[in-house]
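Welcome! Open your viewer, have the selection tool ready, and follow along one stop at a time.

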Amino acid sequence: MPLLADYAITPDVLDVTSYSSEEACGLHLERIREVMLTEGLVRDLRAGEWSGLFGNDGRPWHRRGKELVKKLAQQNRLVRFQPALSSAPVDDQVWCQEALGTQRVLPFTGGVIVTELVKSAFPGDSIVARIDRLTSTSWWAGRSCSVRLVRNLAEYRVHLGPVLRFANSLMFIDPHLDPIRPGYGDFAGLVADAGGRSPAPKIEIHRVCYEGSGPSRELCNRADPAYFERRFRDALGASLHKARLRVEVFIWDDFHDRYLISDLIGISLPNGFDTTTNPRSVTRWTRLGREDLDDVQREFDPASRRHALRQRFVIG
């Protein structure tokens with residue numbers, strides 16, 4: 001399961017009358033809150049009609065539910081999906097059908113969260129799970145703060161797909177990222193996966209100003225100031241133009257660790273973004289906590305002065 005997964009939540013989950021008491025409703029909502037706000041996306045069904053339900057008092061929505069929807073919107077975690085059914089849902093079971101219909105556009109990496117009453121209408125559908133039985137649901141129990149994957153583009157796309165498709169900002173941080181080198185030959189395709197939408201996300205690439213290590217370290221842009229700009233432009237320019245993307249590249253004096261930082265999630269990638277044809281070459285990615293995500297983002301802000309910025313340029 002990707003480190004960032006997407007879900008749908010039927011309206012009954014936020015309705016106090018769906019539970020034995022208001023307290024029971026609040027407890028169940030609290031259990032999913034942290035997951036949704038740190039490692040989740042929620043499908044805003046019917047082009048925003050779903051989230052619009054909670055702006056009125058037509059049903060007794062729990063205050064924690066209304067707060068959750070508000071936070072999801074503030075954090076860019078509500079993903080609008082066009083209507084899947086020909087007419088608007090008239091009850092919670094039809095809202096579940098609407099959610100399942102969006103799988104024709106994009107399969108869930110998580111699932112649909114409902115209450116007992118709605119689940120009774122979909123007894124054999126494993127994607128649909130009761131909020132009070134999530135821990136016994138495979139796609140919920142399969143969540144983890146880390147993933148083990150083979151170092152190839154197909155695997156990267158599986159685990160980064162939701163981030164690349166929906167994040168408003170992306171920082172690719174890898175000290176030796178060089179799209180002309182064979183190991184980074186797939187990087188152009190990975191970045192292009194973030195394109196084709198409006199507005200386009202803000203994208204940054206961060207690497208060091210040298211190649212090699214130890215005595216063989218070479219400061220490439222000392223003799224040729226355009227060295228890195230030329231390499232990035234030659235390797236990425238065409239694919240960025242086709243995907244309607246622009247990228248700002250930052251060249252730093254030195255750093256070591258590798259990350260993908262976005263407004264939705266931060267991931268530590270020990271081997272960076274290079275790929276290999278060796279099927280036995282695996283790596284482990286780890287999701288960062290909010291404090292670590294913010295700290296890495298500050299580290300690569302030129303204003304922080306934690307590293308010396310040698311060069312910056314824009315391509316695409």
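Helices (H or I, at least four residues) and strands (E, at least two) are DSSP runs, numbered from the N terminus. This is a predicted model, in which local features need pLDDT of at least 70 and side-chain atom pairs count only at pLDDT 80 or more, while totals for chains, interfaces and linings use all residues. Residues are numbered from 1 along each chain as its sequence is written, and side-chain values use heavy atoms, with hydrogens and water left out.

**The whole chain**

Start with everything in view. You will find 11 helices and 13 strands in the chain, and its C-alpha atoms fill a box of roughly 70 × 40 × 35 Å along the principal axes. Of the 316 residues, 51% are buried (under 20% relative accessible area; exposed is over 50% and partly exposed in between, with a 1.4 Å probe and protein chains only).

**The cores**

Next, select Leu170, Phe172, Ile205, Phe232, Phe273 and Trp285. These have the most contacts inside the largest nonpolar core, which has 60 residues. A nonpolar core is a set of buried Ala, Val, Leu, Ile, Met, Phe, Trp, Tyr and Cys residues joined through side-chain atoms within 4.5 Å. Helix H7 (residues 153-166) gives the most to this core, with six residues. A second, separate core of 41 residues includes Leu14, Trp61, Leu72 and Cys96.

Which residues does Ile205 touch, leaving aside its neighbours within four places in sequence? Among its contacts (heavy atoms within 4.5 Å) are Phe172, Leu177, Phe187, Phe232 and Val247, and also the charged residue Glu248.

**Backbone stops**

Now select Ala47, in helix H2 (residues 45-52). Although Ala47 is not a glycine, its phi is positive, about 55°. Ala47 is partly exposed, with a relative accessible area of 25%.

Asn76 also has a positive phi, about 60°, without being a glycine. Look for Asn76 in the loop between helix H3 (63-74) and strand E3 (78-80).

Then move to Pro199, in the loop between helix H8 (187-192) and strand E8 (202-208). The peptide bond from Ser198 to Pro199 is cis, with omega near 0°. For background, most residues other than glycine have a negative phi, and most peptide bonds are trans.

**Last stop**

Finish by selecting Met1, Pro2, Leu3, Ala5, Tyr7, Glu39, Arg143, Ser144 and Arg287, which line the largest cavity. On a 1 Å grid over the protein atoms alone, a cavity is a set of points where a 1.4 Å probe fits but cannot get out, and lining residues have an atom within 4 Å of a point.

Methods
1 Å grid on protein atoms, 1.4 Å probe; cavity = no way out; pocket = protein on both sides within 12 Å on 5 of 7 lines; lining within 4 Å.
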